[in-house]
Amino acid sequence: NLHRNWVMIPHVTQFDEADITDLETLRKESNAVEKQNAVKLTLLSFLMKALIAPLKKFPEFNASLDKNANGETNLIIKRYYHIGFAVDTANGLVVPVIRDVDQKGVVAIARELSELSALARDSKLKPEQMQGAGFTISSLGGIGGTAFTPIINAPEVAILGVSKADYKPVYRDGQFVPRLILPLSLSYDHRVIDGAAAARFTSHLAEVLTDMRLALL
C-alpha cells in the first residue's frame with residue numbers, strides 16, 4: 001500500500017514549527033490531575049484535538065479521492081472528523097482510527113489512543129477499527145528526528161508527520177528565550193491541495209497548538 005501510494009500520488013511536503021511551551025505545561029499539569037484516573041495525556045491527544053480547527057477551516061484536507069465506474073475521479077469532502085494514527089508494531093505499521101474526534105475531549109481521546117495502541121501491539125485490532133479515517137497523523141516524536149516526509153494514506157489526501165520537540169532560542173521582547181518547538185511535516189496530494197493552502201493549514205495548526213484556547217472556537 002505504501003509503495004502504491006508513493007508511486008501514484010504526487011506528494012509535496014510542507015514543513016513548519018509550533019511553539020508548544022505553554023501546551024507542554026498544560027499537559028503536565030493535566031496529567032497530575034488525571035493521574036488518579038490512570039489516563040496519560042500524551043502530546044498526540046492534544047494534537048488530535050488541535051487538528052479539528054484547521055480541518056474545519058480548510059475542508060479539502062479532510063477528504064478522499066474516489067474513482068467511479070466510469071473512471072471519473074471525485075473529491076469527497078468529509079463532514080465528520082475521524083483521525084487515524086500510525087502505530088509501529090512487531091508485525092509492521094498499522095493505522096487505528098479514532099472516530100468523531102471533534103465531539104470528544106482530550107481525556108477521552110487519550111483513553112482511546114491508549115486502548116487502540118495496546119490492541120495494535122497485540123495484533124487484536126478489528127478491521128472496522130482501521131477504517132474510515134479522513135486524515136492521519138504519523139508521530140515519531142517519541143523516537144527523535146527533526147523532519148520527515150510521511151506517505152499519504154490513500155484515499156486520503158493529506159497526512160501530518162510530527163517529529164521530536166526540542167528547546168530552541170526564540171527572540172521575544174528584545175531577548176532570546178528558550179521555547180519548546182515542535183516540528184511539523186505535512187504531506188499532501190498536489191492534485192487536490194496547492195502549496196499556499198498547505199502553508200495556511202500548518203500555520204493555523206501552529207497557532208492552535210501555541211494557544212489551545214483557539215481549539216474551543
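Residues are numbered from 1 along each chain as its sequence is written, and side-chain values use heavy atoms, with hydrogens and water left out. Because the model is predicted, local features need pLDDT of at least 70 and side-chain atom pairs count only at pLDDT 80 or more, while totals for chains, interfaces and linings use all residues.

**Exercise 1. Helix 3 and helix 5**

Task: Determine how the axes of helix 3 and helix 5 are arranged, and which residues meet.

Solution. 

Step 1. Two packed helices are described by the angle between their axes and the distance between the axes. Helices (H or I, at least four residues) and strands (E, at least two) are DSSP runs, numbered from the N terminus. Axes are lines fitted to C-alpha atoms, for helices over the stretch in contact, and angles run from 0 to 180 degrees between N-to-C directions.

Step 2. Helix 3 spans residues 43-57 and helix 5 spans residues 195-210; their axes come within 9 Å and cross at roughly 135 degrees. Helix 3 is therefore oblique to helix 5. In this scheme, angles under 35 degrees count as roughly parallel, over 145 as roughly antiparallel, 65 to 115 as roughly perpendicular, and the rest as oblique.

Step 3. The crossing of helix 3 with helix 5 is right-handed. A crossing is right-handed if the near helix is turned clockwise from the far one by less than a right angle, and left-handed if anticlockwise.

Step 4. Contact means heavy atoms within 4.5 Å. From helix 3, Leu 47, Ala 50, Leu 51, Ala 53, Pro 54, Leu 55 and Lys 57 meet Phe 201, His 204, Leu 205, Val 208 and Leu 209 of helix 5. By class, this contact of helix 3 with helix 5 has 10 nonpolar, one polar and one charged residues. Here Ala, Val, Leu, Ile, Met, Phe, Trp, Tyr, Cys and Pro count as nonpolar, Asp, Glu, Lys and Arg as charged, and the others, Gly among them, as polar.

**Exercise 2. Helix 3 and helix 4**

Task: Describe the packing of helix 3 and helix 4 by angle, distance and residues.

Solution. 

Step 1. The axes of helix 3 and helix 4 are 9 Å apart, at an angle of about 125 degrees. Helix 3 and helix 4 are therefore oblique to each other, and their crossing is right-handed.

Step 2. On helix 3 the contact involves Leu 44, Ser 45, Phe 46, Met 48 and Lys 49; on helix 4 it involves Val 106, Ile 109, Ala 110 and Leu 113. Seven nonpolar, one polar and one charged residues make up this contact of helix 3 with helix 4.

**Exercise 3. The largest nonpolar core**

Task: State how many residues the largest nonpolar core has, and which element gives the largest share.

Solution. 

Step 1. A nonpolar core is a set of buried Ala, Val, Leu, Ile, Met, Phe, Trp, Tyr and Cys residues joined through side-chain atoms within 4.5 Å. Buried means under 20% relative accessible area, exposed over 50%, and partly exposed in between (1.4 Å probe, protein chains only).

Step 2. The largest core has 50 residues, and those with the most contacts inside it are Met 48, Leu 51, Phe 61, Leu 160 and Leu 209. Among the elements giving two or more residues to this core are helix 3, helix 4 (106-121) and helix 5. Helix 3 gives the largest share, nine residues.

Step 3. Not counting residues up to four places away in sequence, Leu 51 touches Ile 83, Phe 135, Ile 137, Leu 160, Phe 201 and Leu 205.

**Exercise 4. Backbone features in loops**

Solution. 

Step 1. Most residues other than glycine have a negative phi, and most peptide bonds are trans.

Step 2. With a relative accessible area of 28%, Asp 100 is partly exposed.

**Exercise 5. Phe 58**

Task: Decide whether Phe 58 is buried or exposed, and find which residues Phe 58 touches.

Solution. 

Step 1. Phe 58 is found in the loop between helix 3 and strand 2 (63-67). Its relative accessible area is 12%, so Phe 58 is buried.

Step 2. Not counting residues up to four places away in sequence, Phe 58 touches Arg 200, Phe 201 and His 204.
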